[in-house]
Amino acid sequence: MPRITLPDGSHRDYDAPVDGIRIAGDIGERLLKASIGLKVDGEIRDLGHLIESDAQVSIITSGSKKDDPEQDALFLVRHSCAHVMAEAIERVVPGAELVYGPPTDMGFYYDIRFPVDRTLSSEDFPAIEEQMKEIIAEDRPFRRYQFGREEGMSKLQDEGSKYKIDNAERAIEAGSDELSWYVTGELGTDWEDLCRGPHLPSTGRIGAFKLLSVASSYWHGDASSDSLTRVYGTAFSFPAQLQRHLDQLEEARRRDHRVIGKKQNLFRIDEEVGQGLVLWQPGGAVVRRELEEFIRSHLIASGYDMVYTPHVAKLDLYRTSGHFPYYRESQFPPLLAAEFLDAIADEGCSCAELSHRIGEGSVEGFMLKPMNCPHHIKIYDAEARSYRDLPVRLAEFGTVYRWEQSGELNGLTRVRGFTQDDAHIFCTEDQVGEELLGCLSLAKLVLSTLGLEDYRVRVGLRDTDSTKYIGDPARWDRAEEACRQAASSLGVPYVEEVGEAAFYGPKIDFVVKDAIGREWQLGTVQVDYNLPERFDLSYTGSDNSSHRPVMIHRAPFGSFERFIGILIEHFEGAFPTWLAPEQARVLPISMKHVDYARGIVDRLVAVGIRVTLDDSDERVNAKIKVAADERIPYLLVVGGRDEEAETVSVRQRGIGDRGAIPVDAFIDELVAEVRERRLPMAAKEEV
RNA sequence: GCUGCUGUAGCUCAGUGGUAGAGCACGUCCUUGGUAAGGACGAGGUCACGGGUUCAAGUCCCGUCAGCAGCUCCA
């Protein structure tokens, strides 16, 4: 006799198993009409799911646009839309084999194996969408049919899809007693798919959908397995929701750092220079330099020593550190010493053999550095260290080179040569906690100055069941506790992730949220017991005996390339004045006022402002349009009236025309804004 | 690396087998203009690169390189 407890705490008793249609109908006609599914003891179910015993039940409705924090309704809509799309694709492309089609955070996809002579492209979308509209218009019910294991498996054997058989085997392995199919309409005549569900009551409840893209994927995510075609789409209960989603995608495209970077001449990636290798144009170089100076000033104030190290080192260094040849796949190939090449050529060494020797690491030469730590370790080790010297904090904006797969490269956010805000702290074990907190606090300060106030940290811990971690478990426990402590005392949200530690120590990752709510993974802080061991580092303790220091790697912003890419998108190219490549532009009303304008430029240059003069023979309207498109923070319009009164007429980005301001007062204001690294008002509000 | 799409002027793009185009930017001239594009004229291209098909290729085919979306990867 099920007792159904509703979210408001009230309950209804039934004397027989009951489904959601009955429950919703008992509550009210309007609720029934809006109902699309159930949540039974936290699990999403079909609206028609039969509840046989006492349960907590809430009814999922297509509901109002804001009223679905759990996205349960979207889950149902999207999952069902994936089925509708699959049916449509099978109609359009006979012989397509379905593999797997789940909903995702933003929509859904279906992985499909196409006949060898057929591929799918976005040109096929209109035909598929047409079929989907028909299926939705028919408003066919989703019906669930369950079979026992044997019966279900034999049905699948008859159908003969190895992918679906595999799905079923996995479901059974995961403990499922039965297999279920969903039929879109009538069993035997309409389309069906092996599926765990749940689904909408009928296809007509899909209010709006759109196919978005096509990509390839691998069966089981395994690159050596079958290659599948993945079709992406998204779906909502209401057309207005879809439109808002598409608007958001448009907003993200407008902020694309690759587009803005090109338009504002911040950086270039030139194919003759190489994939993933960034050329910083003068404008982008200003942003980077300002950021470097800002971070450097905080590093120095926090007790770091700045160092410089070369971009290459001998392979031996990386044999000691373990980077070569172990991580060979993600490094640029070694630079082989000329003497070495000559010598093995004399021996008659073939290319194949040379390649093999590189693979096993038995070559002599140099390598572009994939990490800065070995160099910093050598600087630590250059002096005899005592416990009184610790912690030693060595910082460098160190450029490293990594051979990212070509498909991974993306603007500034994934590149092959990049400069980290890197530092290595050598300390005693007792100092680890305090040093971790110092790293996090420094990052917090920098992020808040840039208006990136919304972020969280992830603490990566070891999986105690695994054997891949090196070092003393007791020491691991202490280091993990120190990471937890540091993260929690920072006062920002943090999550712990077991199994995410590096093999050599636990770590803390930064994830920031930008102006439109997207999350970006920045850098990490990592505790390392491995490298001090490999390089046999030591310090003399107060007991006059030798001890092993602990190392902390920290690059909280990751790299300048990625960080600036994120900043470009965060600010939509409208940098705060202190970072803006061009901070002000003087716009004379006519050529008669160019001399006065030039005088203003000189005065601003004298106080360190980056300012230019627009002496083009254009009207002021045109000059403003051009400068506004370039997102210049201050436009100073000057004409006869200003010349007489010693003023500039200020147009401020984001505010508009502020009218005439005495030159001295404006200069004071601008200098103060830059010195204090103030944020533009708009950016602050949005965060 | 894999799949799909794309590569034409500095930028954004049109051009589907028959004499390379537009807008912006750039140059010259006219205009001397008070808050989001005044006007005229001009210069600018090995149509990514290499092969092939064809009387004829920016256009069709193959390969290479590069970009984009996703997959996989990210010490």
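## Report on the predicted model of chain A

Pro662 has its place in strand β34, which covers residues 656-662; helices (H or I, at least four residues) and strands (E, at least two) are DSSP runs numbered from the N terminus. This is a predicted model, in which local features need pLDDT of at least 70 and side-chain atom pairs count only at pLDDT 80 or more, while totals for chains, interfaces and linings use all residues. Residues are numbered from 1 along each chain as its sequence is written, chains are lettered from A and ligands numbered from 1 in the order in which they are written, and side-chain values use heavy atoms, with hydrogens and water left out.

### Pro662 and the residues it touches

With a relative accessibility of 46%, Pro662 counts as partly exposed, the class between buried (under 20% relative accessible area) and exposed (over 50%), as computed with a 1.4 Å probe and protein chains only. When residues up to four places away in sequence are not counted, Pro662 touches Glu646 and Thr647, where contact means heavy atoms within 4.5 Å. The C-alpha atoms of Pro662 and Val648 are separated by 6.4 Å, and these two residues are 14 residues apart along the chain.

Glu646 itself lies in the loop between α20 (640-645) and β33 (647-652), and it has a positive phi of about 60° although it is not a glycine. Most residues other than glycine have a negative phi, and most peptide bonds are trans. A positive phi is also found at Arg631, near 60°, in the loop between α19 (620-629) and β32 (634-638). The cis peptide bond that joins Leu390 and Pro391 has an omega of about -5°, and Pro391 is placed in the loop between α13 (373-380) and β21 (392-401).

| Residue | Relative accessibility |
|---|---|
| Pro662 | 46% |
| Glu646 | 46% |
| Arg631 | 27% |
| Ser213 | 30% |

### Strands and sheets

Ser213 is placed in strand β13 (residues 208-218). Leaving aside neighbours within four places in sequence, Ser213 is in contact with Phe125, Arg230, Val231 and Tyr232. Ser213 and Ser121 are 92 residues apart in sequence, yet their C-alpha atoms are 8.2 Å apart in space.

Strand β11 (residues 178-184) is mostly covered, as 6 of its 7 residues are buried. It pairs in the antiparallel sense with strand β10 (residues 142-148) over 7 bridges, two strands being paired if DSSP finds at least two bridges between them. In this pairing Phe147 stands opposite Leu179 in β11. Strand β12 (residues 192-194) also pairs with β11 in the antiparallel sense, over 3 bridges, and there Glu192 is the bridge partner of Val183.

An open sheet of 8 strands has mixed pairing and the order β17-β21-β22-β29-β26-β25-β23-β24. Its edge strands, β17 (305-306) and β24 (494-498), each pair on one side only. Within this sheet, strand β23 (residues 455-461) and strand β25 (residues 507-513) run antiparallel and are joined by 6 bridges, with Val457 opposite Phe510 in β25.

### Helix α14

Why does the span of helix α14 (residues 432-449) agree with its 18 residues? At 1.5 Å a residue these should span 26 Å, and the end C-alpha atoms are 26 Å apart, the expected span being 1.5 Å times one less than the number of residues. The buried residues of α14 include Val432, Leu436, Cys439 and Leu447, as well as Glu435 and Thr449. After α14 comes Gly451, whose phi is positive, near 80°.

### The chain as a whole

Chain A has 22 helices and 34 strands, and its C-alpha trace spans about 85 × 80 × 60 Å along its principal axes. Of its 687 residues, 50% count as buried. Among the contacts in chain A with a separation of 6 or more, 69% are accounted for by residues 24 or more positions apart.
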